Amino acid sequence: MAGIPKVRVQFDADFDQLKKGVKGATNEVQSFGSKVGDFSKKAGKAFALVGAAAAVMAVKIGVDSIKAASNLSETISKVGVLFGDSAKEIEKFADTAAQSLGQSKQQALDAAATFSMFGSSAGLAGKDLVDFSTDFVTLASDLASFNDTSPEQAINAIGSALRGEAEPLRKYNVLLDAAVLQAAAFELGIYDGSGALTAQQKVLAAQKVIFEQTTTAQGDFAKTSDGLANQTRKLSGELENTKIIIGEALLPIVLELVTAFAKKVIPRIKEFAQGLAGKEGLIDGLEKSTSAAFEWGQRINKVIKIVASFKDEIVI
């Protein structure tokens, strides 16, 4: 009997340790759960912010895309006027410019349109005008590739040279002055050696000199198309083209919205303003304005849903 208390004491001591261990473990679990809860709340807020940012980005993409598509439509219209029956050849050329030149369709069309004005002033038309313009657009990408500049810079430099400003093309190792242009015009058989060159003669002479002095750079984009710089230019061009495709899909919806606003909302607002003169007119005006606003809101919501859906297709 004397040994029983000793056993009980030992058992109680162990039980006390067990209770302490369980309590400690419980506290640890509760602490961990609390931390997980805090993390979940913070993570939830973070994901909410990311989602909101993604939605805003999607809307911005939609707005930019609509603007890009609208600009392209206007440029195509201008190209049609400048090139006439040959406009389709220019569009076809621009369709492949992203991969072949590192330029977006918009950029290639803009450049071709700019160069066509110089060609037209020199008396060129039809296929000659198409070749004049597309050759310079292509040369711009080669000069940019060879000299590590952007196609825009090369396009502007060539345009300046055709306007009679020689300095911008010096960075591309093209030297133009009156004597060089006169000699080139004489070789072309459009100048007899006396007097100053006409604007037409200057353009044709500049074309000859520019291509003669850039032979080393010509074809460089194709030769180095696998390099990082030109791959980046291609990607940039394709992204701009993709933006236009999205915009073209959204344009009809936006046009419908603008038309609806002009035809339905504005008249209701006018009626509301006119109805302020009397109580009955005021109520009628409010009803019509509210109805128009609700319809307008539904249309806007439709566009927002479409634009926001694009964020799910974007992979960065």
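The structure is a predicted model, in which local features need pLDDT of at least 70 and side-chain atom pairs count only at pLDDT 80 or more, whereas totals for chains, interfaces and linings use all residues. Residues are numbered from 1 along each chain as its sequence is written, and side-chain values use heavy atoms, with hydrogens and water left out.

Helix H4 covers residues 105-121; helices here are DSSP runs (H or I, at least four residues), numbered from the N terminus. Its 17 residues should span 24 Å at 1.5 Å a residue, and the end C-alpha atoms lie 25 Å apart, which agrees; the expected span is 1.5 Å times one less than the number of residues. Twelve of these 17 residues are buried, so H4 is largely enclosed by the rest of the structure. Buried here means under 20% relative accessible area, with a 1.4 Å probe and protein chains only. Among the buried residues are Lys105, Leu109, Phe115 and Phe118. After H4 comes Gly123, which has a positive phi, near 90°.

H4 packs against H2 at an angle of about 140°, with the axes 8 Å apart. The axes are lines fitted to C-alpha atoms over the stretch in contact, and angles run from 0 to 180 degrees between N-to-C directions.

The largest nonpolar core has 50 residues, of which Phe115, Ile158, Leu162 and Ile210 touch the most other members. Such a core is a set of buried Ala, Val, Leu, Ile, Met, Phe, Trp, Tyr and Cys residues joined through side-chain atoms within 4.5 Å. Elements giving two or more residues to this core include H1 (3-83), H4 and H8 (199-212), and H5 gives the most, with eight residues. Leaving aside residues up to four places away in sequence, Phe115 touches several residues, including Phe132, Phe136, Ile158 and Leu162.

Ala154 lies in helix H6 and counts as buried, at 0% relative accessibility. With residues up to four places away in sequence not counted, Ala154 touches Ala140, Leu143, Ala144 and Tyr172. Ala144 is ten residues from Ala154 in sequence, and their C-alpha atoms are 6.0 Å apart.

Note on methods. Contact = heavy atoms within 4.5 Å.
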